Amino acid sequence: TESPGGAAGVITEVKPKVAKPSMYRVLLLNDDFTPMEFVVYVLERLFNKSREEATRVMLHVHQNGVGLCGVYTYEVAETKVAQVMELARRHQHPLQCTMEKD
Ligand code: TYC
């Protein structure tokens, strides 16, 4: 958006600047006990992934120790971590989920 202003011929931008929220990566950590199928289920159910993508992420975590579930605003990321931890606790799996600034 532009509006006239200042010296003749000078265009002043008046588009208001809105702050972009910081984004946070939600990460899944590997362990030796959580069943692969449970991790795939978590990725499908809480991170809206297809079975194919969920399996790919699960295998990445299994092989590399950590993997990306998604990138969200702080509050959404916090909620996702809490949901993973609660689901794992209910099923008595040691699955761990954390978040870090993107
Ligand atoms: N390593 C687990 C197994 O062999 C599978 C697993 C994958 C666990 C990803 C956690 O975030 C994880 N059953």
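This briefing walks through a predicted model, topic by topic. Local features are taken at pLDDT of at least 70 and side-chain atom pairs at pLDDT 80 or more, while totals for chains, interfaces and linings use all residues. Residues are numbered from 1 along each chain as its sequence is written, and side-chain values use heavy atoms, with hydrogens and water left out.

**The annotated domain**

- UniProt, in an unreviewed entry, puts "domain: Adaptor protein ClpS core" at residues 20–98. Its positions are in the numbering used here, the feature name is shortened, and such annotations may be inferred rather than shown by experiment.
- Over residues 20–98, the chain is 54% helix and 23% strand, and the end C-alpha atoms sit 22 Å apart. Helices (H or I, at least four residues) and strands (E, at least two) are DSSP runs, numbered from the N terminus.

**Around Tyr-72**

- Tyr-72 belongs to strand 4, which covers residues 66–73. Tyr-72 counts as buried because its relative accessibility is 17%; buried means under 20% relative accessible area, exposed over 50%, and partly exposed in between (1.4 Å probe, protein chains only).
- Skipping neighbours within four places in sequence, Tyr-72 is in contact with Ser-22, Met-23, Tyr-24, Val-26, Phe-47, Ala-77 and Lys-80. Contact here means heavy atoms within 4.5 Å.
- Ser-22 is 50 residues away from Tyr-72 along the chain, yet their C-alpha atoms are 8.6 Å apart.

**Met-23, on strand 3**

- Met-23 lies in strand 3 and is partly exposed, at 30% relative accessibility.
- Its C-alpha atom is 4.8 Å from that of Thr-73, although 50 residues of chain separate Met-23 and Thr-73.
- Not counting residues up to four places away in sequence, Met-23 touches Val-71, Tyr-72, Thr-73, Glu-100, Lys-101 and Asp-102.

**Aromatic pairs**

- How many aromatic pairs does the structure hold? There are two. Rings of Phe, Tyr and Trp (its six-membered ring) pair if their centres lie within 6.5 Å; planes under 30 degrees apart count as stacked, over 60 as edge-to-face and the rest as tilted.
- Tyr-24 and Tyr-74 make an edge-to-face pair, with 5.1 Å from centre to centre and 85 degrees between the planes. This pair links distant parts of the chain: Tyr-24 is in strand 3 (residues 23–29) and Tyr-74 is in helix 3 (residues 74–90), 50 residues apart.
- Tyr-24 is buried at 15% relative accessibility, whereas Tyr-74 is partly exposed at 40%.
- Phe-47 and Tyr-72 form a tilted pair, because their ring centres are 6.3 Å apart and their planes meet at 40 degrees. This pair also links distant parts of the chain, with Phe-47 in helix 1 (residues 36–47) and Tyr-72 in strand 4, 25 residues apart.
- Both Phe-47 and Tyr-72 are buried.
- Lys-80 lies over the face of Phe-47, 5.7 Å from the ring centre. A charge sits over a ring if NZ of Lys or CZ of Arg is within 6 Å of the ring centre and within 35 degrees of the ring normal.

**Cysteines**

- The structure holds zero disulfides; a disulfide is a pair of cysteine sulfur atoms within 2.5 Å.

**Loop residues**

- Thr-34 sits in the loop between strand 3 and helix 1 and is buried, with a relative accessible area of 11%.
- The Thr-34 side chain reaches the backbone nitrogen of Leu-95 at 3.3 Å. A polar contact is a pair of N or O atoms within 3.5 Å; within protein, one must be able to donate a hydrogen and the other to accept it, and residues adjacent in sequence count only if both atoms are side-chain atoms.
- Leaving out neighbours within four places in sequence, Thr-34 is in contact with Val-39, His-93, Pro-94 and Leu-95.
- Asn-48 is in the loop between helix 1 and helix 2 (51–64). Its phi is near 55 degrees, a positive value in a residue other than glycine, and Asn-48 is exposed at 66% relative accessible area.
- Gln-92 is in the loop between helix 3 and strand 5 (96–101). Gln-92 has a positive phi of about 60 degrees although it is not a glycine, and it is exposed at 75% relative accessible area.
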